[in-house]
Protein chains: 2
Amino acid sequence: MELYREPGYDKVTVAEIAARAGLTRRTFFRYFSDKREVLFFGTAKLEAFVAEGVLAAPPGTPALAAVATALAAVARQSDEDSAFADFARRRHALIRAYAELRERELAKLASLASATAAALRRRGVAEPAASLAAEAGVAAFKVGFERWVDDPRRRKMGHHVRQAISGFGTLVLEQVATRGTAIDKP
Amino acid sequence: MELYREPGYDKVTVAEIAARAGLTRRTFFRYFSDKREVLFFGTAKLEAFVAEGVLAAPPGTPALAAVATALAAVARQSDEDSAFADFARRRHALIRAYAELRERELAKLASLASATAAALRRRGVAEPAASLAAEAGVAAFKVGFERWVDDPRRRKMGHHVRQAISGFGTLVLEQVATRGTAIDKP
């Protein structure tokens, strides 16, 4: 990632990245489809971890709770790794700075939502509930993650992700309290 | 869009698209930053329409309701345009077929969520509630839109978007009913 800061993401070539990592250009492309992918290494592992978490929830767990528990476990594991916060913040600054990295990040989040929805369907959750719960969870994770990255008080990721997930519930309950109905009758 | 089907999106050049539209290459690039952008013409108008809808909700309207009303208006307007459904389905098939178009689509949805959150903040909704309500609304719109595109019974977009939005509420209420708590305590 150092090469993406100096000389800069848009200037560095795949050959230079490969050389720094002690790889040939050919080996690089065996692992990464392009230079953007390097920053998203580990996404497949994250998807598998979240899917496992969703599947591991006790029978009868509501869909949103299964997703929330799995995402909270991701945040907890990240918080336990002391080097992760610094790495994640530098990586996120880079992603924010380049539109093509932002697009790839969104594609990874969409892929995470799809994997999460698939895990929910394996639990017997029907569509569109499975996709909605997955999208809601990933959206909350995204909002929580961004608040964590920007938090001047440096509170843990687990705090921000939990707060974002509970924020969803609060919004719906506010709606029910005001309208005496769910959000389908605006 | 015909040129994206024949000879195909990956084969057609900007020069060919410009020629078909009676534009010079130079004029094309005054309107579109690249050939992907052609398919997302109208996104800025959509963002403005949703933001206006959010701002037009009566004072005291809960955040989610303001978003739901604005997005339901988009679906209603789309349903009124008889040529839109066919256009939207062909366009969506194209987007699904190419990863780089899917990434651009996700970027446009993220931009729509940002514009929606900004409109909510102008209504006095605090963060992270504004971002969460916006992300939830756009996620519901995305899920509803996809179910509409694939619906063999060809029900209206308004039906699917309303169903997706109300699905969110149902998920949270299911959670509350099961756990006697909001989703922050999984």
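Hi everyone, let's start where the two chains meet: 46 residues of chain B are in contact with 46 residues of chain A. Keep in mind that this is a predicted model.

How much area is buried between chain B and chain A? The figure is about 4000 Å², and carbon and sulfur atoms give 75% of that. For those who like to compare such numbers, the size of an interface is often given as the accessible area lost when the parts come together.

Now the charged and polar side of the story. Across the interface of chain B and chain A there are four salt bridges. One you can find on screen joins R104(A) to E103(B), with the closest N and O atoms 2.8 Å apart. Counting polar contacts between chain B and chain A gives four residue pairs, both partners at pLDDT 80 or more.

Which helices of chain B build the side that touches chain A? At least two residues each come from α5 (63-80), α7 (99-122), α8 (129-150) and α9 (157-179). The most comes from α9(B), which supplies 15 residues. Sorted by class, that side of chain B has 26 nonpolar, nine polar and 11 charged residues.

Let me finish with some side-chain pairs inside chain A. Over all chains, the structure holds 14 salt bridges. One of them brings together E105(A) and R91(A), at 3.6 Å from N to O. This pair links distant parts of the chain: E105(A) sits in helix α7 (residues 99-122) and R91(A) in helix α6 (residues 84-97), 14 residues apart.

There are also seven aromatic pairs over all chains. Take F145(A) and W148(A), a tilted pair with 5.4 Å centre to centre and 55° between the planes. Where do these two lie? Both F145(A) and W148(A) are in helix α8 (residues 129-150) of chain A, three residues apart, or about one turn of the helix.

Note on methods. Residues are numbered from 1 along each chain as its sequence is written. Chains are lettered from A and ligands numbered from 1 in the order in which they are written. This is a predicted model: local features need pLDDT of at least 70, side-chain atom pairs count only at pLDDT 80 or more; totals for chains, interfaces and linings use all residues. Side-chain values use heavy atoms; hydrogens and water are left out. Contact means heavy atoms within 4.5 Å. Buried area is the accessible area (1.4 Å probe) that two parts lose on being put together, summed over both. A salt bridge is a side-chain nitrogen of Lys or Arg within 4 Å of a carboxyl oxygen of Asp or Glu. A polar contact is a pair of N or O atoms within 3.5 Å; within protein, one must be able to donate a hydrogen and the other to accept it, and residues adjacent in sequence count only if both atoms are side-chain atoms. Helices (H or I, at least four residues) and strands (E, at least two) are DSSP runs, numbered from the N terminus. Ala, Val, Leu, Ile, Met, Phe, Trp, Tyr, Cys and Pro count as nonpolar, Asp, Glu, Lys and Arg as charged, and the others, Gly among them, as polar. Rings of Phe, Tyr and Trp (its six-membered ring) pair if their centres lie within 6.5 Å; planes under 30 degrees apart count as stacked, over 60 as edge-to-face and the rest as tilted.
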